[in-house]
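Student: I have not seen this structure before. Could we go through it together, step by step?

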2 protein chains.
Amino acid sequence: MIEVTTGSAAERVEASLRRSIIALDVLPGTRLSEQEIAARHGVSRQPVREAFIGLSRTRLVEVRPQRGTVVAKISVARLMQARFVREAIETAVARRACEAFDPTSRRRIDDLLDLQAERAAAGDHAGFQRADSLFHAALAEGAGCALAWEAVQDVKAHLDRACQLTLPDAAAMLPLVDQHRAIVAGLDARDPEAAAAAMRHHLSEIVRALPKVEAQYPHLFE
Amino acid sequence: MIEVTTGSAAERVEASLRRSIIALDVLPGTRLSEQEIAARHGVSRQPVREAFIGLSRTRLVEVRPQRGTVVAKISVARLMQARFVREAIETAVARRACEAFDPTSRRRIDDLLDLQAERAAAGDHAGFQRADSLFHAALAEGAGCALAWEAVQDVKAHLDRACQLTLPDAAAMLPLVDQHRAIVAGLDARDPEAAAAAMRHHLSEIVRALPKVEAQYPHLFE
DNA sequence: GGCGCCCGACTTGTATGGTAGTGTATGCAC
DNA sequence: GTGCATACACTACCATACAAGTCGGGCGCC
C-alpha cells in the first residue's frame with residue numbers, strides 16, 4: 001500500500017489503489033472488499049466506494065451491483081485499442097511539437113532522458129516508468145497539448161499494467177530510452193514525419209512483447 | 001430536467017446533469033447546489049455528490065471543496081486542445097476504417113446519414129446532434145475501435161457545448177451532413193488519405209465558427 | 001466613518017445505519 | 001445419491017447525521 005497525503009480521503013484511496021493495480025501488487029481478478037480496504041486505510045466505506053467509481057471509469061475495476069468489485073483482467077482487445085488511441089494522440093503531439101516547442105520543456109526533457117537512463121541502468125522499474133511518464137507529459141506540455149496527455153493517461157493505465165510484465169530487466173528498458181532520444185531528434189530537426197515515425201515505433205513495442213507475456217501469464221488475461 | 005430511468009440514482013442524476021450542461025440549459029458559471037438538485041431528483045445528497053465527481057472528471061463542473069460547485073466556463077484553450085485530441089483520434093479511426101469495416105455498421109451508417117439529413121431539414125438541433133454522435137460512434141465501432149469513441153466522448157462534451165452556439169439554424173447543419181458523406185465516400189473508396197482529410201475538414205468546422213460566438217457570448221467564456 | 005474581528009449560515013467531506021439484491025451453503029424431499 | 005428449496009452471509013446502494021472548512025455580515029473598537 002502506498003501512502004498519499006494530499007487531497008480528500010477518496011482521492012488518496014483511489015490513487016493508492018490505482019498504483020497498486022498498475023504495479024500488479026493486486027492481480028487481475030482479485031476481489032476488492034470495501035470494508036477491508038476502508039479498514040486498511042483508516043477511513044469509512046464511503047470514500048472507498050467513490051474510489052471504486054473512479055477506477056471503474058477507466059475500467060481498471062469492475063463494479064457489479066450487489067455482487068462485488070473485482071480488479072479487471074487484462075483484455076488483449078482492449079489493450080490493442082488503447083494502444084491505437086495512444087498512438088493516434090501521441091503521434092499527433094509529436095507532429096505538433098515540431099511546429100513550436102516551449103524551450104523550458106525542451107530543457108526539462110534532456111534532464112528526464114538522463115534520469116530515465118540512470119533508472120534503467122539501476123534496474124529500477126518503478127523509477128523508470130515514472131520518468132517515462134514524465135517524458136511523455138513534458139512532450140505534450142511543451143507542444144501546448146496538456147489536455148492530450150490527460151486523455152492519454154486514461155488509456156495508459158492498461159498499457160502500463162501490461163508493461164509490468166514486459167520489462168523484466170534493464171536490458172529491456174535501455175532500448176526504450178534510445179527510442180525517446182529518436183523522437184527528440186526528430187523534434188530538434190523540426191521533422192514532423194521523423195518524430196511521428198519514431199513515436200509510432202516506440203509505442204509499437206508493446207505489440208511485439210504482448211504474445212510472449214500472454215502465453216506466460218494466461219491467468220491474468222481474459 | 002431530463003428523466004432517465006435506467007441505472008443507479010447517481011448515474012441517472014449524472015446523465016441528467018450532463019445533458020443539461022451540454023445543452024446549455026444551465027449556463028457556464030452557474031452554481032450547483034447538492035441540496036437543491038437532490039431535492040429536485042427526489043434523492044439524497046450522496047448520489048448527487050457522486051454525479052458531481054463524475055462530471056468534474058471531464059471538467060464539466062468544478063468542485064471546490066467546502067466552497068461550492070459551479071458549471072465550468074467555456075475555455076477557448078481547452079476547446080482547441082479538445083479539438084486537437086478529437087481530430088487525432090478520429091482521423092486515425094477514419095484511416096483504419098479504410099482497411100477493414102464491419103458490413104453491419106456500414107449499413108447502419110447509411111440509415112444514420114438519412115436520419116441526420118431529415119433532422120437537419122426539420123431544424124431539430126437535439127435530434128441532429130444525437131444522430132451526429134451515433135454516426136461517429138458507428139464509424140469507430142465498424143473500424144473495431146469502440147474504445148476510441150469512448151476516449152473521444154470525454155473531450156467531446158466541451159465541443160458539443162460550443163456547438164450549441166454555432167448551429168443556430170438548419171442552414172448551418174446541412175453542410176455537416178455533406179461532410180459526413182465525404183468521409184464515407186473516402187471509406188468506400190478505401191482511400192485512407194481522402195477519408196482522413198474529410199474527417200479533418202469536418203472537425204475543423206468549429207475553429208471557423210468559434211471567434212464569432214466568442215464575441216457574441218463573452219460571458220460564457222473564461 | 002473606517003477597519004478588523006468574530007460569529008453564524010452556508011458549502012463539501014466523512015461516518016454510519018439500513019435496505020434490497022445476489023451467490024452460496026445447508027438441509028430436506030425424492 | 002441427486003435435485004431443489006430455503007436460509008444466510010455478503011455485496012453495493014442510498015439516506016441520514018455529523019464534522020470541518022469557507023464566506024459574508026454585523027458588531028465593536030480605533
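Predicted model: local features only at pLDDT ≥ 70, side-chain atom pairs only at ≥ 80, totals over all residues.

Tutor: Residues are numbered from 1 along each chain as its sequence is written, chains are lettered from A and ligands numbered from 1 in the order in which they are written, and side-chain values use heavy atoms, without hydrogens and water.

Student: How many residues surround DNA strand D?

Tutor: A residue is near a strand if one of its heavy atoms lies within 4 Å of it. The closest residues to DNA strand D are A:Arg45, A:Arg49, A:Thr69, B:Ala9 and B:Ser44. Sugar and phosphate make up 70% of the atoms of DNA strand D that come within 4 Å of the protein. The number of residues surrounding DNA strand D is 23.

Student: Which residue has side-chain N or O atoms with one 2.4 Å from a phosphate oxygen of DNA strand D?

Tutor: A polar contact is a pair of N or O atoms within 3.5 Å; within protein, one must be able to donate a hydrogen and the other to accept it, and residues adjacent in sequence count only if both atoms are side-chain atoms. A polar backbone atom of B:Ser44 is 2.6 Å from a phosphate oxygen of DNA strand D. The distance of 2.4 Å, to a side-chain N or O atom, belongs to A:Arg49.

Student: What percentage of the atoms of DNA strand C within 4 Å of the protein belong to sugar or phosphate?

Tutor: Around DNA strand C there are 22 residues, with A:Ala9, A:Ser44, A:Arg45, B:Arg45 and B:Arg49 nearest. Bases supply the rest of the atoms within 4 Å, and the share of sugar or phosphate is 61%.

Student: What area do chain A and chain B bury between them?

Tutor: The size of an interface is often given as the accessible area lost when the parts come together. Here buried area is the accessible area (1.4 Å probe) that two parts lose on being put together, summed over both. Carbon and sulfur atoms hold 58% of the area, and the total is about 2,200 Å².

Student: How many salt bridges are counted between chain A and chain B?

Tutor: A salt bridge is a side-chain nitrogen of Lys or Arg within 4 Å of a carboxyl oxygen of Asp or Glu. The side chains of A:Arg49 and B:Glu50 meet in one, at 2.9 Å from N to O. Between chain A and chain B the count is 6.

Student: Is B:Leu187 buried or exposed?

Tutor: B:Leu187 sits in helix 8 (residues 170–188) of chain B, where helices (H or I, at least four residues) and strands (E, at least two) are DSSP runs numbered from the N terminus. Beyond its neighbours within four places in sequence, its contacts (heavy atoms within 4.5 Å) are B:Ala97, B:Cys98, B:Phe101, B:Arg106, B:Leu139 and B:Ala195. Buried means under 20% relative accessible area, exposed over 50%, and partly exposed in between (1.4 Å probe, protein chains only). Because its relative accessibility is 3%, B:Leu187 counts as buried.
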